[in-house]
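Subject: Structure handed over, with notes

Hello,

Here is the structure you asked to look at. Please open it first, then read the notes below.

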Amino acid sequence: MNSDVLPLFAAPTADRVVVIRSPRRRRTISAQRRNGVIEIRLPMGMSLEEEQRWIGRMALRLDRRKARTGDAELDQRARRLADRYFGGDLVPESIRWSDNMTTRWGSCTIDSGAVRLSSRMRDFPAWVIDYVIVHEMAHLRYRGHGPRFWSLVNRYLLTERARGFLIAKGGEPDGEPE
């Protein structure tokens with residue numbers, strides 16, 4: 001695996017770019033932003049000209065996704081909920097909408113503190129989205145769905161109602177409350 005840090009000429013962003021070439025990749029190109037650096041994974045045999053074109057294209061895609069998702073709004077919402085229900089503790093490192101969540105309403109990566117919400121919920125009532133945020137933030141303290149976890153989640157007064165709403169929308173809620 002070869003990794004080069006390149007200045008980004010083709011896209012309107014100030015982020016640094018790290019290009020990671022993989023001999024196992026044949027056609028796919030992926031990109032993610034990590035700590036202000038755009039990581040782009042490319043096939044090994046791609047020309048420098050193609051590489052620069054893809055860097056610009058993927059950087060623009062990341063910028064559009066960030067603008068579209070309303071991450072700043074979700075961050076403010078999570079901080080407000082953490083203050084109200086957890087005394088300011090349990091604030092996620094990042095929170096964002098995710099377009100590829102098809103079987104869950106939300107997820108939490110405990111090690112990184114990242115919370116993701118299914119974009120299928122964008123049009124749900126705010127109190128349902130708030131419940132899912134509270135649920136995922138509670139995982140920052142407790143991995144499983146035991147009694148202590150549900151004690152935290154149940155601080156949110158509309159927990160039972162929100163769980164019912166999510167069940168009616170065709171999704172099974174995680175675990176069983178105690």
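Among contacts in the protein chain between residues at least 6 apart in sequence, what percentage join residues at least 24 apart? The answer is 44%, where contact means heavy atoms within 4.5 Å.

Some ground rules come before the rest. This is a predicted model, in which local features need pLDDT of at least 70 and side-chain atom pairs count only at pLDDT 80 or more, while totals for chains, interfaces and linings use all residues. Residues are numbered from 1 along each chain as its sequence is written, and side-chain values use heavy atoms, with hydrogens and water left out.

The whole chain

The protein chain has five helices and seven strands. Helices (H or I, at least four residues) and strands (E, at least two) are DSSP runs, numbered from the N terminus. Read from that end, the order of elements is β-β-β-β-α-α-β-β-β-α-α-α. Of the 178 residues, 43% count as buried; buried means under 20% relative accessible area, exposed over 50%, and partly exposed in between (1.4 Å probe, protein chains only). The chain exposes about 10,500 Å², and carbon and sulfur atoms supply 47% of that area. These areas come from the Shrake-Rupley method with a 1.4 Å probe, and for residues only the protein chains shown count as cover.

The sheet

Three strands form an open sheet with mixed pairing, in the order β5-β7-β6. Its edge strands, β5 (94-98) and β6 (106-109), each pair on one side only. Two strands pair if DSSP finds at least two bridges between them. Between β5 and β7 (residues 114-118) there are five bridges, in the parallel sense. Here Arg 96 stands opposite Arg 116 in β7. Helix α2 (residues 71-86) lies across β5 and β7, running at about 130° to β5. For such angles, axes are lines fitted to C-alpha atoms, for helices over the stretch in contact, and angles run from 0 to 180 degrees between N-to-C directions.

Helix α5

Which residues of α5 (residues 159-168) are buried? They are Thr 159, Ala 162, Arg 163 and Leu 166. Seen down the axis of α5, these buried residues fall within an arc of 100°, so they line one face of the helix. The arc is that of the directions from the helix axis to the C-beta atoms. An α-helix has 3.6 residues a turn, so residues three or four places apart point the same way. The buried residues of α5 pack against α3 (126-138) and α4 (147-153). On the other side of α5, Glu 160, Arg 161 and Ala 168 are exposed. Just after α5, Gly 170 takes a positive phi of about 100°.

Regards
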